[in-house]
Each structure stands twice: as C-alpha cells, then as structure tokens.
Amino acid sequence: MSLHAFCYRYFSFVGNGIVILVLHKQRLILQPTDLLMLNLAITDAAIAVFGYSQGIVKIFRIFRDMSSHGSGLARYIGEWFSNPTLCLSSINTLTAIRVTRYLKEYHANKGYSVSRSTILISIIFIWKGTLFWSMAALLGWGDRGYGTCDVDWFKANCSTTYK
C-alpha cells in the first residue's frame with residue numbers, strides 16, 4: 001500500500017472514529033437525525049478499513065499491479081460485496097440526511113414527522129436496499145460495472161436470472 005493510500009485510510013478512520021466517539025458520549029441527548037450521522041460515520045470508517053475505491057486507484061495509479069490488493073476470497077469479498085455495500089449505504093445515508101434537512105428547512109409543518117422511529121425505519125430501509133443492490137451481481141443478475149457502486153446493466157440482459 002502506498003503512503004497516499006495509507007494516509008487516506010488512516011485519516012478517514014480517525015476522523016470518523018472521533019465522530020462515533022462524540023456521538024456515543026452524547027447518546028442521551030442525540031437528535032433523531034444524529035442517528036443518520038452515526039450510520040454515515042460507521043460506514044465511512046468501515047470503507048477506510050475494508051474497502052478501497054477502484055476509481056481512486058485508476059485515476060491516481062497508486063497501484064501498478066492489481067495483485068497488491070490481495071487475491072482469492074478476500075479480494076472477491078472486498079470487490080464484489082463490502083465495497084458496493086458500504087458505498088451504497090453511505091450514499092443512501094447522505095440522501096436521507098438531505099431529505100430530513102429539506103423537510104425541516106422548507107416544510108416546517110412536516111418537520112415533526114422526523115422522529116426517532118422514522119429515522120430508525122429509514123436506516124433499516126437503507127441497509128435492506130443496500131444489501132439487495134450489492135447482492136444483485138453475486139446472484140447472477142448482471143455484473144459489476146465501471147466502479148464499485150454500480151451494476152453493468154448491459155450485461156444484465158445476459159445473466160442467468162434474465163434467461
């Protein structure tokens with residue numbers, strides 16, 4: 001692993017770890033939307049530990065040889081399951097945070113609907129949707145596309161589920 005990749009992972013993990021510790025320390029006075037921030041910090045810290053972005057690898061050419069990422073089952077799980085799962089969870093959590101902020105900012109009369117139970121249900125749906133989309137290629141529905149968070153829909157026409 002290059003120095004750039006190590007620093008990226010280290011600072012990402014430490015920064016998200018601080019957020020997790022602060023939210024844990026203030027758990028008795030957390031607002032409902034803070035649970036979304038906790039979910040985001042956990043997924044981003046997990047990306048720093050378990051994942052790597054193929055886009056960053058390709059753009060900055062950190063690794064000349066793909067064998068430096070490992071091989072066998074660990075590489076398969078990293079590329080085909082943990083990376084897409086964590087990336088999609090992070091993206092969906094950011095979307096949920098933005099929706100709650102929009103409701104509170106522009107529709108103050110609907111801001112009361114953002115309760116702790118609503119946020120917990122949204123986190124459950126975030127993870128259910130994330131697991132569905134990350135498992136799609138593993139179950140033979142299409143193939144991974146150009147990055148770690150997308151499905152190659154062109155190949156989906158040739159998959160076993162489609163036939």
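The expected span of a helix is 1.5 Å times one less than its number of residues. In this predicted model, helix α1 has 23 residues and reaches 32 Å from its first C-alpha to its last, which is close to the 33 Å expected. Helix α2, with 19 residues, reaches 28 Å between its first and last C-alpha, close to the 27 Å expected.

**Buried residues of the two helices**

- In α1, the buried residues are Ala5, Ser12, Asn16, Gly17 and Leu23.
- These buried residues of α1 pack against α2.
- In α2, the buried residues are Pro32, Leu35, Leu36, Asn39, Leu40, Ala41, Thr43, Ala45, Ala46, Ile47 and Ala48.
- An α-helix has 3.6 residues a turn, so residues three or four places apart point the same way.

- Two or more residues of the nonpolar patch are given by each of the elements α1 (3-25) and α2 (32-50).
- Helix α1 provides the largest share of the nonpolar patch, namely eight residues.
- Tyr10 counts as partly exposed because its relative accessibility is 44%, which falls between the limits of 20% for buried and 50% for exposed.

- Leu21 has its place in helix α1.
- With a relative accessibility of 59%, Leu21 lies over the 50% limit and therefore counts as exposed.
- Leu21 and Leu38 are 17 residues apart in sequence, and their C-alpha atoms are 9.6 Å apart in space.

**Cysteines**

- How many disulfides does the model contain? A disulfide requires a pair of cysteine sulfur atoms within 2.5 Å, and by this rule the count comes to zero.
- Cys7 has a relative accessible area of 29% and is therefore partly exposed.
- Cys87 counts as buried because its relative accessibility is 16%, and buried means under 20%.

Terms used. Residues are numbered from 1 along each chain as its sequence is written. This is a predicted model: local features need pLDDT of at least 70, side-chain atom pairs count only at pLDDT 80 or more; totals for chains, interfaces and linings use all residues. Side-chain values use heavy atoms; hydrogens and water are left out. Helices (H or I, at least four residues) and strands (E, at least two) are DSSP runs, numbered from the N terminus. Buried means under 20% relative accessible area, exposed over 50%, partly exposed in between (1.4 Å probe, protein chains only). Contact means heavy atoms within 4.5 Å.
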